[in-house]
Amino acid sequence: MNRLSPGLFLDAVNSYQRTAAIKAAIELDLSFTAIGQGHETSQELALSCGASERGHAYPFRLFSGHWDFLRKKRGRYGLTIDSAMLLDRRSSPRIWRMQWSSSSSPMVTDGFRDVAAVVRKGGTLLPEAGTTIA
């Protein structure tokens, strides 16, 4: 039986928030490596990356509640298998670095700033033939 659910739509239109939060987390080394090193409370984590404890609240909720990048138990954060392997800078497979540097480059991201215009044109709007869906 099919039921109306806005979940898929809401996930799609809000996915930019996930990208922005992960980008900030990588730029600040927001917690993943610090948690792997034993800093597990909000206060310890904020101090470890030079950010405010209040500033950590939003990404911590996203990473531990919505996206399962972190576990939280009794006010302490822990890494998941995925975050330990992909987001802790000390992990041996540096997949996150390769993926992040390639997927966040302007040659990739700029091509998606105005997808409606790309569709209308039938190709990239970028002068150097960057990546787009069309």
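Guide: Let us start with the order of elements. Read along the sequence, this predicted model follows the pattern α-α-α-α-α-β-β-α-α-α-α. In total, the secondary structure comes to 9 helices and 2 strands.

Visitor: What share of the residues in the protein is buried?

Guide: Burial is judged by relative accessible area, and buried means under 20%. Here, buried residues make up 29% of the 134 residues. The protein exposes about 9100 Å², of which carbon and sulfur atoms supply 56%.

Visitor: How should I read contacts along the chain?

Guide: One considers how far apart in sequence the partners lie. Among contacts in the protein with a separation of 6 or more, 39% are between residues 24 or more positions apart.

Visitor: Which residues does glutamate 53 touch, not counting those up to four places away in sequence?

Guide: On that basis, glutamate 53 touches Ser42, Gln43 and Ala46. Its C-alpha atom is separated by 6.1 Å from that of serine 42, 11 residues apart along the chain. Glutamate 53 lies in helix α5, which spans residues 53-66.

Visitor: Which residues form a nonpolar patch on the surface with phenylalanine 9?

Guide: Phe9 forms the patch with Leu10 and Val13, and together they have about 280 Å² of accessible area.

Definitions and conventions. Residues are numbered from 1 along each chain as its sequence is written. This is a predicted model: local features need pLDDT of at least 70, side-chain atom pairs count only at pLDDT 80 or more; totals for chains, interfaces and linings use all residues. Side-chain values use heavy atoms; hydrogens and water are left out. Helices (H or I, at least four residues) and strands (E, at least two) are DSSP runs, numbered from the N terminus. Contact means heavy atoms within 4.5 Å. Patches are made of residues with over 30% relative accessible area and no salt bridge: like charges are joined within 9 Å, nonpolar side chains (Val, Leu, Ile, Met, Phe, Trp, Tyr) within 5 Å. Accessible areas come from the Shrake-Rupley method with a 1.4 Å probe; for residues, only the protein chains shown count as cover. A salt bridge is a side-chain nitrogen of Lys or Arg within 4 Å of a carboxyl oxygen of Asp or Glu. Buried means under 20% relative accessible area, exposed over 50%, partly exposed in between (1.4 Å probe, protein chains only).
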